[in-house]
2 protein chains.
Amino acid sequence: MQIAILLYDRFTSLDAVGPFELLARLPGAETVLVAKEAGPVRNDQGNLALVADRSLAEVPRPDILVVPGGPGSRVAMHDPEILAWLRTADASSTWTTSVCTGSLVLAGAGLLKGRRATSHWLALDELVPLGAEPTGERVVFDGKYVTAAGVSSGIDMALHLIGRVAGDATAQTIQLLTEYDPQPPYDAGSPDRAPAAIVAHWRDRSEKVLAEQQD
Amino acid sequence: MQIAILLYDRFTSLDAVGPFELLARLPGAETVLVAKEAGPVRNDQGNLALVADRSLAEVPRPDILVVPGGPGSRVAMHDPEILAWLRTADASSTWTTSVCTGSLVLAGAGLLKGRRATSHWLALDELVPLGAEPTGERVVFDGKYVTAAGVSSGIDMALHLIGRVAGDATAQTIQLLTEYDPQPPYDAGSPDRAPAAIVAHWRDRSEKVLAEQQD
């Protein structure tokens, strides 16, 4: 089984490495980071580079495909080379997945038309013009398409997926070995429960950024 | 504020990138991945390389120091160059932290003597001969020394630390933007609650590995 995690300029590092860490522990899996060209790819803040060990052309038919999010997703979602690779890879994949605004890239490739999907809470509305049906759930399965909410949700998605691919015992083993027993000191991880002023500030800021992009 | 995350051969990727993703969002922080030499550093499975943007010599006095774990920690904890850097960096750090078996490296540098500390659940006992007092908690503060349990626990540690450094509202903001609202589909993330047979298998395997190393 081959698992490909797509990197592109200005991806968000935890979007990629969260699911990587868990999925790469699937027995018998080969997990590979891919990008348009092999070599270092920089994250959204420019302060971290992950190495793509292979180019897209070298990994045409992964069984599981993971697209992380990040500010660069708004460029990647219009990149002909990335979209062509996604469509080809998806044609033979067992699972096609995304984390955060990675779902915008999948949707940009036309892969989420008429499908239930999720994204970062600030980007959910952007799925609509791309033909997907946004939901506020953390991990959404629709056929072989699996989308996860913002950044850290890729870890939950990976556990769900491992359960489907290899069974509960393997998923529980990987949860135990990565000691994924979350104990956040605050309950602010979703817009439903974070302090209202913080949510409002970021909704406002996000709308302004989108408005500027559309000007 | 400068945050340095140490990389070494055969580190575990999520140990480093979990806290990186949250800490790097601290307003005004410069976050930098460091290693003995600048350049790509490979993880425990050999299937991911993160780039160290600077050498240890270039980052002598970080304010916050993060040491991830991984199988390579058993080598790093005896590496004179890494230990010397840790001791020097610790002499002026505000916070000295670790994730998973990164605590063995801190302890190897003599920094956890007489201190309460944690590590991956399978490595807790190894802290004892190094002079630390292991606890089963997920995140342990003892003065400026903060240690976290296995792999994914670095995310919880980062949120605790951000709260201390920048206040609750900043920590809640970062939790919201990374959508850290964990919903694991299993409750197997700690040895207290994972299926007993899985826990026993890994305890047994871990003891055999340690016994072989000591032969």
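In the predicted model, B:Val34 stands opposite B:Arg54, a residue of strand E5 of chain B. The pairing of E2(B) with E5(B) runs in the parallel sense and extends over two bridges. These strands belong to an open sheet of seven strands in chain B, arranged in the order E5-E2-E1-E6-E7-E11-E10, with mixed pairing. Strand E5 (54–55) and strand E10 (139–142) of chain B stand at the edges of the sheet, and each has a single partner strand, so one side of each is left without a neighbour in the sheet. Helix H1(B) packs on this sheet, where H1(B) touches strand E1 (2–6), E2, strand E6 (64–67) and strand E7 (95–99) of chain B. The direction of H1(B) makes about 170° with that of E1(B).

Burial was examined for this helix in both chains. H1(B) is mostly covered, with 11 of its 11 residues buried. The buried residues of H1(A) include A:Ser13, A:Asp15, A:Gly18 and A:Glu21. Helix H6 (residues 168–177) of chain A is also mostly covered, with seven of its 10 residues buried. These buried residues of H6(A) are A:Ala171, A:Gln172, A:Thr173, A:Ile174, A:Gln175, A:Leu176 and A:Leu177. A:Glu179, which follows H6(A), has a positive phi near 45°.

The two chains meet at an interface in which 56 residues of chain B are in contact with 56 residues of chain A. On the side of chain B that touches chain A, two or more residues come from each of helix H1 (13–23), strand E2 (30–35), strand E4 (49–52), helix H5 (153–166), helix H6 (168–177) and helix H7 (196–214) of chain B. H6(B) gives the most to this side, with eight residues. By residue class, the side of chain B that touches chain A comprises 32 nonpolar, 18 polar and six charged residues. Of the interface residues of chain B, 100% are also interface residues in chain A, so the copies meet through the same surface.

B:Gly163 touches A:Pro185, B:Asp168 and B:Ala171, when residues up to four places away in sequence are not counted. B:Gly163 has 18 other C-beta atoms within 10 Å and is therefore partly exposed, because a residue counts as buried at 20 or more such atoms and as exposed at 12 or fewer.

The arrangement of the two copies was also examined. Chain B is superposed on chain A by a rotation of 180° with 0.0 Å of shift along its axis, at an RMSD of 0.0 Å. The two copies are therefore related as by a two-fold rotation axis. B:Leu50 comes closest to the rotation axis among the residues of chain B, with its C-alpha at 2.3 Å.

Confidence values accompany the prediction. The complex has an ipTM of 0.96 and a pTM of 0.96 from the predictor. For chain A, the mean pLDDT is 96, and 99% of the residues reach 70 or more.

Conventions. Residues are numbered from 1 along each chain as its sequence is written. Chains are lettered from A and ligands numbered from 1 in the order in which they are written. This is a predicted model: local features need pLDDT of at least 70, side-chain atom pairs count only at pLDDT 80 or more; totals for chains, interfaces and linings use all residues. Two residues are in contact if their C-beta atoms, placed from the backbone, lie within 7 Å. Helices (H or I, at least four residues) and strands (E, at least two) are DSSP runs, numbered from the N terminus. Ala, Val, Leu, Ile, Met, Phe, Trp, Tyr, Cys and Pro count as nonpolar, Asp, Glu, Lys and Arg as charged, and the others, Gly among them, as polar. pLDDT is the predictor's confidence in each residue, from 0 to 100. Copies are superposed by least squares on the C-alpha atoms of residues with pLDDT of at least 70 in both. Two strands pair if DSSP finds at least two bridges between them. Axes are lines fitted to C-alpha atoms, for helices over the stretch in contact, and angles run from 0 to 180 degrees between N-to-C directions.
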